[in-house]
Amino acid sequence: MASTPYIPWHIWRKVRDLLCCILAGLIALELGGWDIKTNLGLSPTKNPYLLPGYLSISPWNPHENRWMPFTSSPPPALLASLLRSSWRTLPPSGVSDIRDPKDWWEGEVGPDGKDWEDVTWAKGRTVLVLGDSVGRFHVKYLCEMAGEPFHEMPWGHPFSPPKMEGEEAKSEEERLPETIEEIASSQGQNKSGNQNKRNLPRDVPSPQWDIDSISPEPENGNTNGTILGRRDGSRHIGNEGGYMGHYCHIPGIDLMVIQVFNYGLDEKNFWTLRGDYIPPYTIESRLTLLAAPYIRKAGRPTTAPELTYVGSALWDTTRWMREDAAAGKDISQGLTKERLYWYRTRTRQVLMHARQVFPETKLKWASHHYPLRAMSGWFFESGNQDQKPQRPQQKLNRLAPLHEAAKSAIDDLGDTTTEQKSVLKDVDMGMWGKRMIGMEDHQKDDLHQNLLPGGYLWADMMLYDLREAVTKKWWKP
């Protein structure tokens, strides 16, 4: 057996002193504000979308619609690089909506003046977007920028499960209570023994508002989503609106983004009153019975989706507006603490369910935007003021606390179970909604964002999130 080589003590002492000096210097640098992990390459770069900054806007150059941190480099131009990479492999099937500046994808460097980004990490990846029609526009705009058709997945589509007829409402015992009365009932404090009617009336005329006009979505003429094939005058396949699932596939790099609609966090089947309701109802059921089959039947890898956004806000606030209006309450009042705690708990429930359905996905809760100003669309005011009163406007005093409640649900884990903590500690906030604050002049209607800046910004942010989700670092668990 070879003996351990002898190293004289004076050599050991010099090595020890050198190591002590290096350690002391690093500690001094850290205390002085120098981030050792980042500067030595031992931690991922700080997400620039989480840093304070401003949204640069240009109606002429789409690539200038980007988030600009004040003290850090701008985010990488991932969308431009991804489209260039895809088109070099397979030309787009249609015309891209970001053609200008002319032939930008042929440049020696990217439109930001930097080297083109390596986007091989996006090849074969899948992203799931579970939210409202704002998310649908995200995916639609991605297709329009990529020059690809936006596909609907109606009943009968190869990726769709068999047509569903409906979903029974949860019983009172199964639902999470959201009012003082429901909480008292669930705790057995209702001494009368009578069951509370938890579904507030939907057909009682309000003295202030026509409650039938309070809706977060337009009633779509296609009530069952069964149109298959290209519609006249449209470059998209199927119905680009409505509540069926949709997807955008960028074939040159095999990136697929699947959008699944939800009706908020409600468990009462409130929105089944709509003529264009598409079952199933609860967000959990739509994850299990729609999202999972879509991804499986689309032939995506077993790791799919690598990134999942879950979000809910406007359907929730609009339901509460209808309930309050029907009860004769002031809909301009802020949300009660019971509703906020209900929303916070439901956020956790949905995220836990999403983790069960997709064990390997990176989960993000999507922050919602703030459509604060009524314009000429259908969301806040009716088209004919002679027939209907002005629709009530969503208020920041209701929308802003929901963001705080969702953020608390994933950041403040002191009241979680061990199982919840193991899941929620790895969930992040998607910040697109927060980054769009003040952009109400750049909306196509009272709710939906325009392609610029909103659609372009979301695509760049989504790709940054996807890269983080699939790029593993040796120092990360």
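This is a predicted model: local features need pLDDT of at least 70, side-chain atom pairs count only at pLDDT 80 or more; totals for chains, interfaces and linings use all residues.
One aromatic cluster in this protein is formed by Tyr243, Phe261, Tyr263, Phe270, Trp271, Tyr277, Tyr281 and Trp315. In total, the structure holds 22 aromatic pairs. In one of them, the ring centres of Tyr243 and Tyr263 stand 5.5 Å apart with the ring planes at 80°, so the pair is classed as edge-to-face, the class for angles over 60 degrees. This pair links distant parts of the chain, its members being 20 residues apart. Tyr243 belongs to the loop between α5 (180–186) and β5 (245–250), whereas Tyr263 belongs to the loop between β6 (255–261) and α6 (283–297). Both Tyr243 and Tyr263 are buried.

Tyr263 also forms an aromatic pair with Tyr277. Here the centre-to-centre distance is 5.5 Å and the angle between the planes is 50°, and the pair is described as tilted. Tyr263 and Tyr277 both lie in the loop between β6 and α6, so their pairing ties together parts of the chain that are 14 residues apart in sequence. The relative accessible area of Tyr263 is 1%, which makes Tyr263 buried. Tyr277, with a relative accessible area of 15%, is buried as well, because the limit for a buried residue is under 20%.

A ring may also be approached by a charged side chain. Arg319 lies over the face of Trp342, at 5.3 Å from the centre of the ring.

The next site is in helix α8, which spans residues 337–357 and contains Thr347. With 0% relative accessibility, Thr347 counts as buried. Apart from residues up to four places away in sequence, Thr347 touches Leu265, Trp365, Ala406 and Ala409. Two of these partners, Ala406 and Ala409, have numbers that fall within helix α9, residues 396–411.

Helix α9 also holds Lys407. The C-alpha atoms of Lys407 and Thr347 are separated by 9.5 Å, although the two residues are 60 apart along the chain. Is Lys407 buried or partly exposed? Its relative accessibility is 35%, so Lys407 counts as partly exposed, whereas Thr347 is buried. When neighbours within four places in sequence are left aside, Lys407 is in contact with Asp412 and Met429.

Ile11, Val15, Leu18, Leu19 and Ile22 make a nonpolar surface patch of about 440 Å². Ile22, a member of this patch, lies in helix α1, which covers residues 9–31. At 45% relative accessibility, Ile22 counts as partly exposed.

The protein contains 12 helices and nine strands. Of its 477 residues, 51% are buried. Among contacts between residues at least 6 apart in sequence, 75% join residues at least 24 apart. The protein exposes about 22700 Å², and 54% of this area is supplied by carbon and sulfur atoms.

Technical notes:
Residues are numbered from 1 along each chain as its sequence is written. Side-chain values use heavy atoms; hydrogens and water are left out. Rings of Phe, Tyr and Trp (its six-membered ring) pair if their centres lie within 6.5 Å; planes under 30 degrees apart count as stacked, over 60 as edge-to-face and the rest as tilted. Helices (H or I, at least four residues) and strands (E, at least two) are DSSP runs, numbered from the N terminus. Buried means under 20% relative accessible area, exposed over 50%, partly exposed in between (1.4 Å probe, protein chains only). A charge sits over a ring if NZ of Lys or CZ of Arg is within 6 Å of the ring centre and within 35 degrees of the ring normal. Patches are made of residues with over 30% relative accessible area and no salt bridge: like charges are joined within 9 Å, nonpolar side chains (Val, Leu, Ile, Met, Phe, Trp, Tyr) within 5 Å. Accessible areas come from the Shrake-Rupley method with a 1.4 Å probe; for residues, only the protein chains shown count as cover. A salt bridge is a side-chain nitrogen of Lys or Arg within 4 Å of a carboxyl oxygen of Asp or Glu. Contact means heavy atoms within 4.5 Å.
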